[in-house]
Amino acid sequence: MNNSIRLVLLLAAMLFGSFAHAIPVSFHCVSGNNATDCATGVTQLSVDVIDIGGGQVQFNFLNSGPSASSITDVYFDDGALLGIATLIDANEGIGGDLGVDFMQGATPGNLPSGQNASPPFETTAGFLADSNSPVPQSGVNPGEWLGIVFNLQPGSTFANVITDLTDGTLRIGMHVQDFSGGGSESFVNNPVPIPAAVWLFGSGLLGLVGVARRYRA
């Protein structure tokens with residue numbers, strides 16, 4: 001990505017982050033095993049990205065329901081993240097959901113059907129977790145949530161994470177099982193949209209970048 005445009009995205013993300021407690025992330029289906037199951041996942045699965053300070057960012061995986069489905073594996077592809085600090089579920093962290101039980105690491109080691117994403121989804125080493133046995137019951141079922149706290153790379157901030165989610169440098173994948181028909185599907189996040197007002201702010205910055213280039217010519 002052009003460095004000037006990325007600078008605009010970073011500044012816009014800083015502004016965006018200052019107005020919201022949590023940045024919502026939506027998903028699209030990359031497996032396509034069953035159209036109904038894909039539509040269910042797109043409708044009721046999401047992630048909230050939260051700045052918790054101290055060089056950490058929290059990702060809350062949400063299943064709003066009501067249709068049967070269970071998030072059983074989660075994956076992260078690159079970005080400004082350093083490593084998983086803790087899971088927030090039945091056993092780890094504080095205030096976790098008693099119906100959810102995950103552990104770091106996952107089988108399989110990459111998002112199923114992740115090769116169908118564009119570009120292909122490649123899980124970063126150590127950036128994954130899955131539900132313990134019994135797998136569907138311990139996953140994120142309707143009305144439940146899972147929190148994953150990441151440490152950030154030195155010098156990186158919450159704004160960097162949002163910028164990475166906006167331009168595709170960071171992607172999130174989830175494998176979902178136990179749909180009503182017994183099937184499973186995989187999902188990858190959509191780029192985080194920048195609100196129109198922030199894009200307007202960014203357009204002004206791009207204009208200034210263009211002016212500066214003309215004066216240097």
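## Disulfide

Cys38 is buried, at 9% relative accessible area (buried means under 20%, exposed over 50%, partly exposed in between; 1.4 Å probe, protein chains only). Its partner in a disulfide is Cys29, with S to S at 2.1 Å (a disulfide is a pair of cysteine sulfur atoms within 2.5 Å). Cys29 is partly exposed, at 22%. The whole structure holds one disulfide.

## Basis of the model

The model is predicted: local features need pLDDT of at least 70, side-chain atom pairs count only at pLDDT 80 or more, and totals for chains, interfaces and linings use all residues. Residues are numbered from 1 along each chain as its sequence is written, and side-chain values use heavy atoms, with hydrogens and water left out.

## Sheet

Five strands form an open sheet in the order β1-β3-β4-β9-β6, with antiparallel pairing. Strands are DSSP runs of E, at least two residues; helices are runs of H or I, at least four residues; both are numbered from the N terminus. Two strands pair if DSSP finds at least two bridges between them. β1 and β6 are the edge strands, each with a single partner, so one side of each has no neighbour in the sheet. From one strand to the next, the twist averages 25° (axes are lines fitted to C-alpha atoms, for helices over the stretch in contact; angles run from 0 to 180 degrees between N-to-C directions).

β3 and β4 run antiparallel and are joined by eight bridges. Val49 stands opposite Phe59 in β4. Helix α2 (residues 35–44) packs on the sheet and touches β3 and β4 (contact means heavy atoms within 4.5 Å). Its direction makes about 30° with that of β3. α4 also packs on the sheet, touching β1, β3, β4, β6 and β9, at about 155° to the direction of β3.

## Nonpolar cores

The largest nonpolar core has 35 residues (a core is a set of buried Ala, Val, Leu, Ile, Met, Phe, Trp, Tyr and Cys residues joined through side-chain atoms within 4.5 Å). Val49, Phe59, Phe61, Phe76, Ile148 and Met174 touch the most other members. Elements supplying at least two residues each include β5, α4 (158–167) and β10. Another core lies apart, with eight residues, among them Ala106, Ala117, Leu128 and Val188.

## Salt bridge

There is one salt bridge. Arg171 and Asp77 form it, at 2.8 Å, N to O (a side-chain nitrogen of Lys or Arg within 4 Å of a carboxyl oxygen of Asp or Glu). Arg171 is in β10 (residues 171–177) and Asp77 in β5 (residues 70–77), 94 residues apart. Arg171 is buried, at 9% relative accessibility. Asp77 is buried at 10%.
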